[in-house]
Amino acid sequence: MIKNLDKIKKAVPSNSWRFKGNELKYLGEVLNSDLKVSTIRSWISRLENAFAKRFGVKYAIASNSGTAALHQALAAVGVGPRDEVILPAMTVVMCGYAVIQMHARPVYADIDPQTFLIDPLDIERKITLRTKAIMVVHFCGQVCDMPAIMKIAKKHNLYVIEDCAQCFLGRDVNGRLAGTIGHIGCFSFESTKTITTGEGGILITNNQKLATRLRKFGALGFKRLTATGAMEMPNALMFQDPKFLRHDAFGYNYRMAQPLAAIALAQLERIDLFFEKRIQMARRYLQALSGCNWLIPQYVPEGSVHAYWTFAFLFEGKE
């Protein structure tokens, strides 16, 4: 048992301002559990339930990285060999990697020079008979033009996957949270993200079938996994039957470790603080750039909320 937690806190010097919540307390509880299966499920479930509630969705599925989350999302919507997925020309390489992992083809659409986000007009120009999904990236914390993108997706019967790695609590022009607008939202808990576990990720959706596919693909295809994460256990006689089918789908081991779930839960409890700090810093940058005509900040449409994972601007100065 881990005793005298207060003494441990004092004995471990820390200059970090990010882990001042319940991180150490929850980690102590995890280690005290001896990583028992029932406790593993409870910590993962606690994180997933809390995340789903905070974002107002039905399902959340924890993953071991944001990149794995993108892979799971593409698999869940049925992207496969020779399919095409449209994504922005300016984004991290992992978005394209995830598409290639599905033996599909990434198709890059241009970005809007003011918002630095994927251009809906170019999305429509890039659609072919092979297009299966649109992967939007809420770059730097600014939400894409989701009303226009969802209209295009509906017209062409396409899935929309939101990469929200850089956009926790950002909102579109209709006030909707990033990750809750498309069919699946993907988040990263990597060390630089708004809330972090060092590495980790999570997916959200309101679609039960997609949630089940997301979970199975990220947990080795266990047949009895459900959208909510519960493993429906058979009775002993059925389980011992040689014909019992334990797996009914292909999947990877993308499951989150429970110590990371404990840290993520503690971080989620303080997400509003982290969000507000970024907003405050962005205001200072905007104030400093007021009147400058050669550093043009990323355009924020009226009514939307920028999460400011980072402060981006367009350089228009002369040498």
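**Exercise 1. Salt-bridge network**

Task: Which residues are linked with Asp-122 in a network of salt bridges?

Solution. This is a predicted model. In it, Asp-122 joins Arg-125 and Lys-126 in a network of salt bridges. The count of salt bridges comes to 9.

**Exercise 2. Two helices tied by Arg-54**

Task: Find the salt-bridge partner of Arg-54 and state what the pair ties together.

Solution. 
1. Take the closest N and O atoms. For Arg-54 and Asp-272 they are 2.7 Å apart. The cut-off is 4 Å, so the pair is a salt bridge.
2. Arg-54 lies in helix α3 (residues 37-55), and Asp-272 lies in helix α11 (residues 271-288).
3. Conclude. The pair therefore ties together parts that are 218 residues apart in sequence.
4. Check accessibility. Arg-54 is partly exposed at 30% relative accessible area. Asp-272 is partly exposed too, at 41%.

**Exercise 3. Lys-155 and Lys-216**

Task: Are Lys-155 and Lys-216 buried or exposed, and which residues do they meet in salt bridges?

Solution. 
1. Start with Lys-155. Its salt bridge is with Glu-124, with the closest N and O atoms 3.1 Å apart.
2. Lys-155 belongs to helix α7 (residues 146-156) and Glu-124 to helix α6 (residues 120-126), so the pair ties together parts that are 31 residues apart in sequence.
3. Lys-155 has a relative accessible area of 62%, so this residue is exposed. Glu-124 is partly exposed, at 29%.
4. Turn to Lys-216. Its side chain meets that of Asp-248 in a salt bridge (3.1 Å, N to O).
5. Lys-216 is in helix α8 (residues 208-217), while Asp-248 is in the loop between α9 (236-240) and α10; the pair therefore ties together parts that are 32 residues apart in sequence.
6. Buried means under 20% relative accessible area. Lys-216 has 13%, so this residue counts as buried. Asp-248 is partly exposed, with 39%.

**Exercise 4. Helix pairs**

Task: Describe how α2 packs with α10, and how α4 packs with α5.

Solution. 
1. Two packed helices are described by the angle between their axes and the distance between the axes.
2. Apply them to α2 (residues 23-32) and α10 (residues 258-268). The axes come within 8 Å and cross at roughly 150°. An angle over 145 degrees counts as roughly antiparallel, so α2 is roughly antiparallel to α10. The crossing is right-handed.
3. Now take α4 (residues 66-76) and α5. Their axes are 9 Å apart, and the angle is about 40°. These helices are therefore oblique to each other. Their crossing is right-handed.

**Exercise 5. Burial of α10**

Task: How many of the 11 residues of α10 are buried?

Solution. The count is 9, so α10 is largely enclosed by the rest of the structure. Among the buried residues are Gln-258, Ile-263, Leu-265 and Leu-268.

**Exercise 6. Two valines in loops**

Task: Where do Val-92 and Val-173 lie?

Solution. 
1. Val-92 is in the loop between β2 (84-88) and α5 (93-101). Its relative accessible area is 36%, so Val-92 is partly exposed.
2. Val-173 is in the loop between β5 (159-163) and β6 (184-188). At 39%, Val-173 is partly exposed.
3. Compare Val-173 with Ser-45. They are 128 residues apart in sequence, and their C-alpha atoms are 32 Å apart in space.

Definitions and conventions
Residues numbered from 1 in each chain as written. Predicted model: local features only at pLDDT ≥ 70, side-chain atom pairs only at ≥ 80, totals over all residues. Heavy atoms only, no water. Helix = DSSP H or I, 4+ residues; strand = E, 2+ residues; numbered from the N terminus. Buried < 20%, exposed > 50% of the residue type's maximum accessible area, 1.4 Å probe, protein only. Axes fitted to C-alpha atoms, helices over the stretch in contact; angles between N-to-C directions. Parallel < 35°, antiparallel > 145°, perpendicular 65-115°, else oblique. Left-handed = near helix turned anticlockwise from the far one by under 90°.
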